[in-house]
Amino acid sequence: MPPTLCEVCKEARAAVIRPKNSQKICKQCFLSVFEIEIHETIVSNNLFHRGERVAIGASGGKDSTVLASVLKTLNERHDYGLDLVLLSIDEGIRGYRDDSLETVKRNARQYDMPLEIVGYDQLYGWTMDQVVAQVGKKGNCTYCGVFRRQALDRGAAKLGIKHVVTGHNADDVAETVMMNLLRGDLPRLARATSIMTSSAASEIKRSKPLKYAYEKEIVLYAHHKKLDYFSTECIYSPEAFRGSARTLIKDLEKIRPSSILDIVKSGEDMAALVPPEVSSSVQCVAHAEETNGCGTRNTDGGSMAQMEKRMVANGAAAERETEITLPKGGITQNATSSVSIHDKKARGRKKVNKQVMGQCERCGYLSSQKICKACSLLEGLNKSRPRNTIEVGIEDEESSTTLMRQVTDLTISAG
């Protein structure tokens, strides 16, 4: 039986089956097509401008390593004119982050990029090992996620950089969409699905060049490129809620490979329906003319805008509604009411809290409340931390050493 030829070049033997579309393709064509798709994502969304300094959030994992490699390649090939810097966050997890940072240091040498490492212990006075020892393994990912997001901003500000790119891929975005749906948090979809986010309260913007790249294809790219990356999973992450969403996404992908991008697109469409005043905490930056405010292609001739107007009108009507309370004696035969007698309690519409982004009163970083989530979490942690420390002076230290020497010299004899 003759070997299967690549469906792109029609010459080389097919070595890769793309998870995204089941296309049989040779190794060289796969690498080329992958890079072309990332380039098209960057160009169509105008993610960068010439001369811009960009910080790559580098963890040493496959996503950030592939992102750094691809951006270096495309920057040189297409002359983006970018000044690329690696920015790593040291959460303080022994046996995991300390090993992955060694990978990042090797990447910095391999790609000839400057590297800046910012630690939780420096910024917050806590490492994740200490946080987990304090709060346990359940809910620890909340602390890490909040601290990490702010740490990236602080690291970028330290370097004087206003643009941070992260290695979030299509699987990550689909998982986040699913998590927000399961939580009933529709307004947060705008931030989750936008390829670029920014706010008037912060000079630093974020973007996701790998947003439409499948995780499996990122692994294949790293494998065939022979990239140096760290593959061990965080020792605290199995307890995270995201793991449940990830399992669901993987099961759907087995049945229908396009499920991942379908969920991403659905999330974009739903985010576009959120009224502007509700999603004011998220300012999507979409530069391409063929996209609307949240980076979703508008192909329905304006129906999206009409739907938004209807949702705003419905929200205003909900605020004007009057709740009818039934008398204690019940409903008389002549009484007229629109309230069902089967309802034990009159049900009102659930109000969506409006969020306005500002700056934290304590640390000065981006927050929708007076006190940001990071400072609130730190306040809870510090309340449980012992405040008294034992200070040992020179004299005490010498006497302590003498005492230890005397104890060591003691011999116990059996009487």
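At what angle do the axes of helix 1 and helix 2 cross? The two axes come within 10 Å and cross at roughly 75°. Axes here are lines fitted to C-alpha atoms, for helices over the stretch in contact, and angles run from 0 to 180 degrees between N-to-C directions. Helix 1 and helix 2 are therefore roughly perpendicular to each other. Angles under 35 degrees count as roughly parallel, over 145 as roughly antiparallel, 65 to 115 as roughly perpendicular and the rest as oblique.

The model is predicted: local features need pLDDT of at least 70, side-chain atom pairs count only at pLDDT 80 or more, and totals for chains, interfaces and linings use all residues. Residues are numbered from 1 along each chain as its sequence is written, and side-chain values use heavy atoms, with hydrogens and water left out.

The protein chain has 14 helices and 11 strands. Helices (H or I, at least four residues) and strands (E, at least two) are DSSP runs, numbered from the N terminus. Of the 415 residues, 41% count as buried. Buried means under 20% relative accessible area, exposed over 50%, and partly exposed in between (1.4 Å probe, protein chains only). Among contacts with a separation of 6 or more, 71% join residues 24 or more positions apart. Contact means heavy atoms within 4.5 Å.

The meeting of helix 1 and helix 2 can be listed by residue. Helix 1 brings Phe-34, Glu-35, Ile-38, His-39 and Ile-42. Helix 2 brings Val-66, Val-70, Leu-71, Thr-73, Leu-74 and Arg-77. By class, this contact has seven nonpolar, two polar and two charged residues. Ala, Val, Leu, Ile, Met, Phe, Trp, Tyr, Cys and Pro count as nonpolar, Asp, Glu, Lys and Arg as charged, and the others, Gly among them, as polar.

The axes of helix 7 and helix 11 (residues 259–273) come within 8 Å and cross at roughly 55°. These two helices are therefore oblique to each other. Their crossing is left-handed, meaning that the near helix is turned anticlockwise from the far one by less than a right angle; clockwise would be right-handed. From helix 7, the contact takes in Ala-170, Asp-171, Val-173, Ala-174, Val-177, Met-178 and Leu-181. From helix 11, it takes in Ile-260, Leu-261, Ile-263, Val-264, Gly-267 and Met-270. The residues divide into 11 nonpolar, one polar and one charged.

Helix 9 (residues 215–224) has Glu-215, Glu-217, Ile-218, Tyr-221, Ala-222 and His-224 as its buried residues. Their cover includes strand 1 (16–17), helix 1 (27–44), helix 2 (62–77), helix 7 (170–183) and helix 10 (242–255). Just after helix 9, Lys-226 takes a positive phi of about 55°.

Most residues other than glycine have a negative phi. Ser-22 has a positive phi, near 60°. Ser-22 lies in the loop between strand 1 and strand 2 (24–25) and is partly exposed, at 46% relative accessibility. Asp-79 also has a positive phi, of about 55°. Asp-79 sits in the loop between helix 2 and strand 4 (83–90) and is partly exposed, with a relative accessible area of 48%.

The chain averages a pLDDT of 77, and 71% of the residues score at least 70. pLDDT is the predictor's confidence in each residue, from 0 to 100. Over residues 314–327 the pLDDT is below 50, and this stretch has 10 contacts beyond near neighbours in sequence. Over residues 388–415 the pLDDT is below 50, with one such contact. Where pLDDT is low, the predicted coordinates should not be read in detail.
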